[in-house]
Amino acid sequence: MAKSLIEELPRIVSEGRREAAQILERLSSGTQIGLQTNELVLPSKDVSGLFKGSSPQIPNAFNMAGGNGEWMNRLIYGDNLLAMQALLAGDAQTGLPSLRGKVDLIYIDPPFDSKADYRTPITLPGADISQKPTVLEQFAYADTWEEGTISYLKMLYPRLLLMKEMLSPKGSIYVHIDWHVGAYVKVILDDIFGKGNFQNEIIVHYTAVGLKAKSKKFHQNTEDIYYYVKDKFSKEYTYNEVYTKLDKPRIASRHIFDPVTKKASRVRDENGNIQYFEVWENKVDNLYNEDSYQIYDDTNGTFIEVPALRGTEKLGYATQKAEALLERIIKASSNEGDLVCDFFGGSGTTAAVAERLGRRWITCDIGKPASLVMRKRFIDQEVKPFLYQSIGDYQKEAFRNNKRYKHVGDLSQVVLGLYGALPFTPEQTNDRNFGYIKGTRTLVMVDSPNRLTTAATIRRAVEAKASLLGGDWEKVVVLGWNFAFDISQAIQKYQDSKVEVLVIPPDLLDKLAKKGYKKLIDDKSVRFSSLQYLVAKPLIVKQQGEQDEIDVELENYVLLSPDNIPLDDKDKEKLQKVLERDPLSLIEYWSIDPDYDGVTFRSTWQDYRENVDNDNDPLHCIYKTRLRVPHKAQRKVCIKAVDVFGFESQVVESV
């Protein structure tokens with residue numbers, strides 16, 4: 001008989017503590033997880049097809065938190081467990097020291113429901129399609145819910161321990177959850193943060209809608225937020241009283257404690273000064289007429305009535321939270337300049353509100369669609385320049401806890417077979433990621449699904465071609481799952497080395513689970529495709545006095561085969577038709593760095609779908625622009641495009 005959840009709790013706790021301890025131990029070793037900076041985003045969206053300005057001269061060795069330079073907020077794409085490891089270790093490339101004990105407020109809104117549909121709806125000209133999760137998301141969701149609530153708690157436990165390590169002495173954490181797992185999450189929060197540091201169970205109430213007439217239960221229109229502080233007894237933690245502005249005076253009878261003694265009810269004016277009004281039998285002796293007065297809340301506010309999302313807030317993101325909710329939390333538990341983090345970023349509400357309220361922020365999500373939604377939202381809000389980063393070293397955590405394949409090499413052997421390659425014997429090489437095509441001198445290398453295929457990967461493959469088993473290989477094929485933003489440049493760099501880079505179908509794991517390896521071999525349904533690429537017309541540069549006018553125009557976008565996009569068959573057919581008639585419409589956003597240094601891409605100008613300030617067309621970007629920048633005798637212009645599925649490509653032109 002299977003153990004109950006209560007019986008499993010000791011295992012959840014012990015395994016979670018062990019995992020977190022191993023991560024923290026590795027911080028002092030040479031195996032830290034690294035962050036890769038995809039972009040320095042300068043929120044300057046196209047409004048007229050003409051950009052006038054210059055690229056800020058921000059050095060590559062960024063001075064970050066704790067340094068003498070300006071703090072840069074961060075949007076991180078990737079598994080939050082790996083992101084927190086990187087942040088705890090510090091980011092040497094950008095000068096970020098360890099954030100251990102440096103975060104003042106954490107709000108997280110982890111997924112609630114194992115039966116949720118994690119597909120992303122995408123609207124293209126003449127076609128509505130639905131994208132399945134990426135391979136990274138497939139692993140995350142499958143692992144999170146494989147054993148139901150047990151797996152969910154196992155996912156949360158080590159992450160919450162790392163969050164505790166990141167909290168500053170004045171820090172607080174808010175965990176937003178619902179009735180599916182709320183009671184169980186409360187138990188592990190007490191274990192991690194200490195029952196004495198529990199402040200409130202905040203009940204978030206939503207307007208009830210659409211309860212079925214014959215449903216035999218009450219409305220489920222509330223959610224819980226569990227609020228803990230790092231150290232309640234130190235008295236250092238931040239808590240600011242939040243007041244509700246009234247449209248008109250209200251009788252303050254809720255503040256009566258003893259009507260006989262006529263104890264005063266406290267009211268704060270617009271400057272925060274307390275005014276006292278005598279209260280007698282629910283009547284205020286000294287009524288006031290100014291709308292600026294605010295009622296002081298003696299109850300410490302453990303119930304929040306959340307308004308519906310405003311029309312201007314709605315981003316089409318299923319679990320989006322109202323800004324009013326996050327504003328209440330951020331104001332209560334942080335001050336201007338404090339660092340606020342959200343490791344389940346979703347639509348980016350936490351970071352968006354933190355920016356508006358003058359806080360620093362870091363947000364993270366494993367979903368590429370969520371990252372694209374957040375990037376667009378921040379640009380629309382005209383936030384300060386921020387870094388868009390990803391996890392650069394997934395291989396150090398590859399399949400560490402994966403139950404389907406005990407080693408990365410196990411899956412690599414499967415992929416080699418599906419590609420038509422043979423593995424080497426252990427006597428030939430211990431590296432199970434390599435194989436060869438029988439009867440040829442073609443070497444094949446399979447990358448890990450939890451790793452970004454980067455320029456370093458291509459270099460390793462080229463070196464293996466020259467040295468593995470004596471070298472003398474005519475060609476090397478690299479099969480990858482997830483690719484770094486600059487992979488196109490790496491391929492161009494090694495184009496004379498006879499290296500070919502192909503994409504492993506993102507839904508291969510799903511196919512293996514449903515059909516099995518032998519069936520896939522027999523029906524030959526697995527196809528490996530070349531990477532997508534962007535085509536730009538030759539740049540036109542004219543010097544106008546001390547300025548250069550640069551005309552940039554996109555010509556074409558070539559996407560890898562629809563067979564290798566995680567879509568249902570009917571949606572693949574729709575996508576193929578869009579590719580044939582309007583390929584550029586697949587571009588979600590494109591941006592330009594007119595002074596590319598070859599290291600850090602600065603998104604100085606950008607346009608994206610749903611930006612209607614220039615052409616009133618929400619389904620297309622504009623594809624031509626003119627930049628006016630200070631004159632330089634030589635410069636590199638980098639053009640970068642990201643499509644609706646999150647695939648990135650770029651073109652670099654020297655002028």
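Among contacts in the protein chain between residues at least 6 apart in sequence, 72% join residues at least 24 apart; a contact means heavy atoms within 4.5 Å. This is a predicted model, in which local features need pLDDT of at least 70, side-chain atom pairs count only at pLDDT 80 or more, and totals for chains, interfaces and linings use all residues. Residues are numbered from 1 along each chain as its sequence is written, and side-chain values use heavy atoms, with hydrogens and water left out.

**Overall make-up**

- The protein chain has 14 helices and 36 strands. Both are DSSP runs numbered from the N terminus: helices are H or I with at least four residues, strands are E with at least two.
- Of its 655 residues, 53% count as buried. Buried means under 20% relative accessible area, exposed over 50%, and partly exposed in between (1.4 Å probe, protein chains only).
- The accessible surface of the protein chain is about 29,800 Å², and 49% of that belongs to carbon and sulfur atoms. Areas come from the Shrake-Rupley method with a 1.4 Å probe; for residues, only the protein chains shown count as cover.

**Helix pair α1 and α4**

- Helix α1 covers residues 5-26 and helix α4 residues 149-166. Their axes come within 9 Å and cross at roughly 40°. Axes are lines fitted to C-alpha atoms, for helices over the stretch in contact, and angles run from 0 to 180 degrees between N-to-C directions.
- The two helices are therefore oblique to each other. Angles under 35 degrees count as roughly parallel, over 145 as roughly antiparallel, 65 to 115 as roughly perpendicular, and the rest as oblique.
- The contact of α1 with α4 has 13 nonpolar, two polar and seven charged residues. Ala, Val, Leu, Ile, Met, Phe, Trp, Tyr, Cys and Pro count as nonpolar, Asp, Glu, Lys and Arg as charged, and the others, Gly among them, as polar.

**Positive phi outside glycine**

- Lys-498 is not a glycine, yet its phi is positive, near 55°. Lys-498 sits in the loop between α11 (487-493) and β26 (499-503). Lys-498 is exposed, with a relative accessible area of 56%.
- Glu-610 also has a positive phi, about 80°, without being a glycine. Glu-610 lies in the loop between β33 (605-608) and β34 (624-630).

**Ser-529**

- Ser-529 belongs to strand β27 (residues 529-530). Ser-529 is buried, at a relative accessible area of 11%.
- Ser-529 and Pro-505 are 24 residues apart along the chain. Their C-alpha atoms are separated by 8.0 Å.
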